[in-house]
Amino acid sequence: MEQRGLGRLRLPGLLALLAALTPRVSASQDLNLWPLPLSVKTTPRLLYLSPGNFFFGHSPTSKAGPSCAVLQEAFRRYYDYIFGFYKWHHGYKKIPSEMELQKLEVLVIMDPQCDRFPNITSDESYNLLVKGPVAKLTANRVWGVLRAESTGELDDSSVSWPGII
């Protein structure tokens, strides 16, 4: 008896069919993001970072504050990553304030879990909204903030300087 329709598809064929039917997010592919975020929306507006004017900060309503060593260390490490090489070799340049991103404000909504280690069930979800002069990074737990840093969504590897996309 001959099978018709999807019944004949084996796993590789089914995977190919699913891949063909999956909507593409071309902007995120062009930005070299990995892992691929659930969604990305870009605009042509560019915002620049200045080592003298940019800082990471906690939202006043965040469950994680300056006492969260995991985040404080991540902020320090990422600031050094963004500006370390550049500021020593290029100095500071004046950027018009309307073209400058001055702050990444972090909001952790739930118990931040600052005093724990991540595990397989750790919530790494986050939302990043970049609108000058303040970008807002919202995550359920600190692990989402760290994921945002490690995915490359805070920096674009296709340019010669790291920063916030």
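Author: We take the sheet, then a helix, then the serine. This is a predicted model: local features need pLDDT of at least 70, side-chain atom pairs count only at pLDDT 80 or more, and totals for chains, interfaces and linings use all residues. Residues are numbered from 1 along each chain as its sequence is written, and side-chain values use heavy atoms, without hydrogens or water.

Reader: What is the strand order in the sheet?

Author: E1-E2-E4-E3, an open sheet of four strands with mixed pairing. Strands are DSSP runs of E, at least two residues, and helices are runs of H or I, at least four, numbered from the N terminus. Two strands pair if DSSP finds at least two bridges between them.

Reader: Which are the edge strands?

Author: E1 (55-58) and E3 (126-131); each pairs on one side only.

Reader: How many bridges join E1 to E2?

Author: Four, and E1 runs parallel to E2 (residues 103-108). Phenylalanine 55 stands opposite lysine 103 in E2.

Reader: Which helix packs on the sheet?

Author: H4 (residues 142-150), touching E2, E3 and E4 (134-139). Contact means heavy atoms within 4.5 Å.

Reader: New topic. Where is serine 62?

Author: In the loop between E1 and helix H3 (69-90).

Reader: Buried or exposed?

Author: Serine 62 counts as buried because its relative accessibility is 15%; the cut-off is under 20% relative accessible area (1.4 Å probe, protein chains only).

Reader: What does serine 62 contact?

Author: Val106, Leu107 and Val108, leaving aside neighbours within four places in sequence. A polar atom of the serine 62 side chain lies 3.0 Å from the backbone nitrogen of valine 108. For the backbone oxygen of alanine 64, the distance to a polar atom of that side chain is 2.9 Å.

Note on methods: Axes are lines fitted to C-alpha atoms, for helices over the stretch in contact, and angles run from 0 to 180 degrees between N-to-C directions. Buried means under 20% relative accessible area, exposed over 50%, partly exposed in between (1.4 Å probe, protein chains only). A polar contact is a pair of N or O atoms within 3.5 Å; within protein, one must be able to donate a hydrogen and the other to accept it, and residues adjacent in sequence count only if both atoms are side-chain atoms.
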